[in-house]
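I open this notebook to record, entry by entry, what I looked up in the structure shown below. I go from the whole chain to single residues and pairs.

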Amino acid sequence: MDWLSFSTLIDGVLGESDNQVLNVLLPVGAKVLGATLVLIAGWIFAAWFSRTIDKFLTERTLLDATIEKVLIQVLRFAILIVTVLLALQMFGVQTATILALLSGVALAIGLAVQGTLSNVAAGVMLLILRPLKVGEWVAAAGASGSVSRVGLFRTDLITLANVLVSVPNTAIFEGSIENYTRLGRRRMIAVIGVAYDTDLDQAMDVLRGVVSANPAWEDLPAPYVYVSNLGDFSVDLTVWAWADGKKYWDAQAAFRLQAKKALDEAGIEIPFPHQVEIHKAD
């Protein structure tokens, strides 16, 4: 039984009344009630279905988490669109008419929200090219954080301060994306200045010892220390060392602390800029 037959059945059950107002309002009211129930049921079903599919895909890891979340959104929107079509059919609106109306509305909306549609296109390209995935740490569009969701319109990042940053897909796709997780390992580039009268060989040996004392730094490629700049107030020593991406932040923080302590123990000065004031005689 289709919705038109259902509407006819409602009219037959209600019957004819001597009151002409009731003859008009009762069938319309029944259809409105039926359409409302269909919309509510469709909304509930869409939410339940999306949760079920999400749980199913998560337990079996059939798809990448990034594609999985977008697929669930698309399925949910599809169910809601079908629900609206069914509700409109209860009022006798033909499917062909609905599709023609939706086409016109879609064209008008498309012209009005070109920026939004460009975000959708950018989101699709991000899913195809996959420069970032859920769980990876990236810097893009002036924001950096762990990717929590790549949606049809926006990408969500969670920063170190546990702040959710939602960035339009267009801003991410059209700019540079720095992915700190994809390659696995990270190289630390630390610059430490020492005084000009310092024994540079001794200072470099001290910094090498600090790196070798922490097992988080890998032996290959071997850590490298070199003179990178002769500054106005100091001789700059640059330290290169590699670590697994998961250990990098802790290892980098530990290096800076231990380097300062080790240089102090060796009597090596880390200079700071000096300001000279010139006073003119009156």
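**Entry 1: the whole chain**

What percentage of the 282 residues in the protein chain do buried residues make up? I find 31%, where buried means under 20% relative accessible area, exposed means over 50%, and partly exposed lies in between, with a 1.4 Å probe and protein chains only. I note at once that this is a predicted model, in which local features need pLDDT of at least 70 and side-chain atom pairs count only at pLDDT 80 or more, while totals for chains, interfaces and linings use all residues. Residues are numbered from 1 along each chain as its sequence is written, and side-chain values use heavy atoms, with hydrogens and water left out.

For the secondary structure I looked up 8 helices and 8 strands; these are DSSP runs numbered from the N terminus, helices being H or I with at least four residues and strands being E with at least two. The protein chain exposes about 17,800 Å², of which carbon and sulfur atoms supply 64%, the area coming from the Shrake-Rupley method with a 1.4 Å probe. Among the contacts with a separation of 6 or more, 65% are between residues 24 or more positions apart, a contact being heavy atoms within 4.5 Å.

**Entry 2: the sheet of E6, E8 and E7**

I then followed an open sheet of 3 strands, which stand in the order E6-E8-E7 with antiparallel pairing; two strands pair if DSSP finds at least two bridges between them. Strand E6 (185-194) and strand E7 (224-230) stand at the edges with a single partner strand each, so one side of each has no neighbour in the sheet. On average, neighbouring strands of this sheet are turned by 25° against each other, direction ignored, the axes being lines fitted to C-alpha atoms, for helices over the stretch in contact, and angles running from 0 to 180 degrees between N-to-C directions.

E7 pairs with strand E8 (residues 235-244) over 6 bridges in the antiparallel sense, and Tyr226 stands opposite Thr238 in E8. Helix H7 (residues 200-212) packs on the sheet, where it touches E6, E7 and E8, and its direction makes about 20° with that of E8. Helix H8 (residues 248-265) also packs on the sheet, touching E6 and E8, with a direction at about 20° to that of E6.

**Entry 3: the nonpolar cores**

Which residues touch the most other members of the largest nonpolar core? Of its 25 residues, they are Met188, Leu207, Trp217, Val239 and Phe255; a nonpolar core is a set of buried Ala, Val, Leu, Ile, Met, Phe, Trp, Tyr and Cys residues joined through side-chain atoms within 4.5 Å. E6, H7, E8 and H8 each supply at least two residues of this core. Apart from it lies another core, of 11 residues, including Leu126, Leu127, Val150 and Leu157.

I looked at Val211 more carefully. This residue is found in helix H7 and counts as buried because its relative accessible area is 2%. Not counting residues up to four places away in sequence, Val211 touches Trp217, Pro223, Val239, Ala241 and Phe255.

**Entry 4: two hairpins**

Strand E2 (residues 143-150) and strand E3 (residues 154-158) pair in the antiparallel sense over 4 bridges, and a hairpin of 3 residues joins them. E3 also pairs with strand E4 (residues 164-168), antiparallel over 5 bridges. Between E3 and E4 the hairpin has 5 residues, and Asn162 in the turn has a positive phi of about 60°.

**Entry 5: salt bridges**

How many salt bridges does the count come to? I find 5, each being a side-chain nitrogen of Lys or Arg within 4 Å of a carboxyl oxygen of Asp or Glu.

Arg149 has Asp156 in E3 as its bridge partner, and the side chains of Arg149 and Asp156 also meet in a salt bridge (3.1 Å, N to O). Arg149 counts as partly exposed at 28% relative accessibility, whereas Asp156 counts as buried at 9%.

Arg185 forms a salt bridge with Glu218, the closest N and O atoms being 2.7 Å apart. This pair links distant parts of the chain, with Arg185 in strand E6 and Glu218 in the loop between H7 and E7, 33 residues apart.
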